Structures are given as structure tokens and as C-alpha cells.
Amino acid sequence: MTKVRLTRAIEFSTSLRYWIPDLSEAENRARFGRKAGPHGHNYRLEVTLVGEPDPVTGMVIDLKDLQTVLDREVMARFDHRDLNRDTDFFEKQPPTPENLARAIHGLLRAALPEGLLSSLRLYEDPDTFVEISEPPS
Amino acid sequence: MIALTRRYRFAAAHALRREDRDEPWNERVYGKCANPSGHGHDYGLEITVAGEVDPRNGQLFDRDQLDALVLDQVLDRFGHSHLNDDPAFAARVPTAENIALVIGETLAPAIQAQGARLARVRLEETRKNSFEIGDPR
């Protein structure tokens, strides 16, 4: 059988600022510039799974099950939240798309059956995205 | 490696169900997609071919030839059809995974015969779901 990659997209919106509580206001402003001020983004997350379609159902995964994981791990945590105040990921590091993608990658990797997650792409806006891939097996 | 991708669209009907299973099984596995009357999608299809650039014309694959191939073997065959009626789906449920696999199996020999390689098939079922086989992006 041939492996198929399946991509599901979700969209969520958050507020955030690049701000590390251990630093002074002046240090935060100097390090992060304009992004130290409160702002927001509409993120688009594309999650790619890889596997062989089940010979009986013809599916890599039931999309409802994938959506349930995405709702629980991503939407419930981040959508219409403040990344700094409402999550635990950005106390020592700023909520850059790189760091947010790494946080989401860790959550999804733990929540999905082993070996299924192939890559994810996080768009911060339509012109900017970061991508994290598992090494090919 | 250099690759060329062309994008196509087709609209088709399908029902995700196995006639060798009972109704509760189909409803449990495929949910609303199992509706016996069928439903449909506007599929987006990306065909990627890879190969050597012909020094005479600077192209790795003639666009018109690729379009003609895809039109003949995929779009005319599956566009405005009920996929479950196609012999390719007599023994396979027309999930997007299986549609992508069938399109790949169909096009690969013809593209090979023209001296190139079918590198990737990417099938968008909706704006949120896509399925791909072959080389990663």
C-alpha cells in the first residue's frame, strides 16, 4: 500500500504580546520592539498526518476523531484566548509563531497515535508561516 | 530536482459506504458521508511531475500534453460522475485517500511514458481537508 498524507486545517484567533515577565519593561521593549505591545493574529494551522489507509474503511484516520483532538488540544486552549495570560507556554519565551508551533507540535504529538503526525504548518497571517516536520520514517 | 505542478478541478458525487456491511456499521464509520443518496464535492487536484528540463524548449513537461492527459484520464472520467459507479471503486470505498491513490495509479504510467515521473498527487476535498501521495512538499 502507499502512504497517504492527510491535511486538516483549522483557524483560531488570539491576542498576544512578545513579553517575558522576568525582563523589565525597557528590556522587553528593546528586545521585541513594536511586538512588545498587545496585538492579535488570525492563525491558520494545517496539520498533516501520514499513514496507510485502513484496508476496510479506506481512511487514514476518521476526520471526526482528528477534529476532536484539534478542538481539545488547540481550539479550546488557544482560540479567543490571550497567549500570555491564558496559557502556560510563554512565561520564559515570547509567543512567536516558531514557539507557538513548537508548543502545538508537542501537544499534538502526545495526543495522536504514535507515528501519525507528519508535519504542521502555522500561518500567522497569509504571508507568514512556520513549518515543523517529523523526520521521514 | 525540479517539478512542475498544474492545478485542476472537478465536481463529483460519492457516498462513503460498503454495501457488504450493514447500515449501522456504515453510519458509525462514515457518519453523514454514508448517506445512500450520496453527496458531492468540488475537488481541487494538483498534479506534480518531476524530471529533466528539455534543453530545446526549457520545459520538463509540455503543459498541453499534461492537460490533455489529465482531462482524458481523470477529469472526463470522474468529473460530473458518481464515483461509486466507477469500476475503480467497485472494491474500494471512494474516500479522498482512495481517490488520490486511483488518480496516481491512473496517471503514473502515462507520465512515465512521456519520460517524466509523477511526483505527487494532491487532492483537496474541501478548503479544510486535503490528501496527498508521493513526494512531500
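How many bridges join β1(A) to strand β4 of chain B, and do the two run parallel or antiparallel? The legends below take up this pairing and then each chain of the predicted model.

**Notes for all views.** Residues are numbered from 1 along each chain as its sequence is written, with chains lettered from A and ligands numbered from 1 in the order in which they are written. Because the model is predicted, local features need pLDDT of at least 70 and side-chain atom pairs count only at pLDDT 80 or more, while totals for chains, interfaces and linings use all residues.

**View 1. Strand pairing between the chains.** β1(A) and β4 of chain B (residues 129-134) run antiparallel and are joined by 4 bridges. Two strands pair if DSSP finds at least two bridges between them. A:Leu6 has B:Phe131 in β4(B) as its bridge partner. Helices (H or I, at least four residues) and strands (E, at least two) are DSSP runs, numbered from the N terminus.

**View 2. The contact between chains A and B.** Chain A contributes 14 residues and chain B 15 residues; two residues are in contact if their C-beta atoms, placed from the backbone, lie within 7 Å. On the side of chain A that touches chain B, the elements giving two or more residues are β1 (4-16) and α2 (63-78) of chain A. β1(A) gives the most to this side, with 6 residues. By type, the residues on this side of chain A are 7 nonpolar, 4 polar and 3 charged. Here Ala, Val, Leu, Ile, Met, Phe, Trp, Tyr, Cys and Pro count as nonpolar, Asp, Glu, Lys and Arg as charged, and the others, Gly among them, as polar. For the complex, the predictor gives an ipTM of 0.78 and a pTM of 0.84.

**View 3. Chain A.** Chain A holds 3 helices and 5 strands, in the order β-α-β-α-β-α-β-β from the N terminus on. The C-alpha trace of chain A spans about 60 × 25 × 25 Å along its principal axes. Of its 137 residues, 26% count as buried. A residue is buried if 20 or more other C-beta atoms lie within 10 Å of its own, exposed if 12 or fewer, and partly exposed in between, with C-beta atoms placed from the backbone. Among contacts in chain A between residues at least 6 apart in sequence, those joining residues at least 24 apart make up 65%.

**View 4. Chain B.** Chain B has 3 helices and 4 strands, and its elements follow the order β-α-β-α-α-β-β from the N terminus on. Its C-alpha trace spans about 60 × 25 × 20 Å along the principal axes. Buried residues are 34% of the 137 residues in chain B. Of the contacts in chain B with a separation of 6 or more, 66% are between residues 24 or more positions apart. Chain B has a mean pLDDT of 95, and 100% of its residues reach 70 or more; pLDDT is the predictor's confidence in each residue, from 0 to 100.

**View 5. A:His80.** A:His80 lies in the loop between α2 and β3 (81-82) of chain A. Its phi is near 55 degrees, a positive value in a residue other than glycine. A:His80 is exposed because 11 other C-beta atoms lie within 10 Å.

**View 6. B:His80.** The loop between α2 (63-78) and α3 (96-113) of chain B holds B:His80. Phi of B:His80 is near 50 degrees, a positive value in a residue other than glycine. With 11 other C-beta atoms within 10 Å, B:His80 is exposed.
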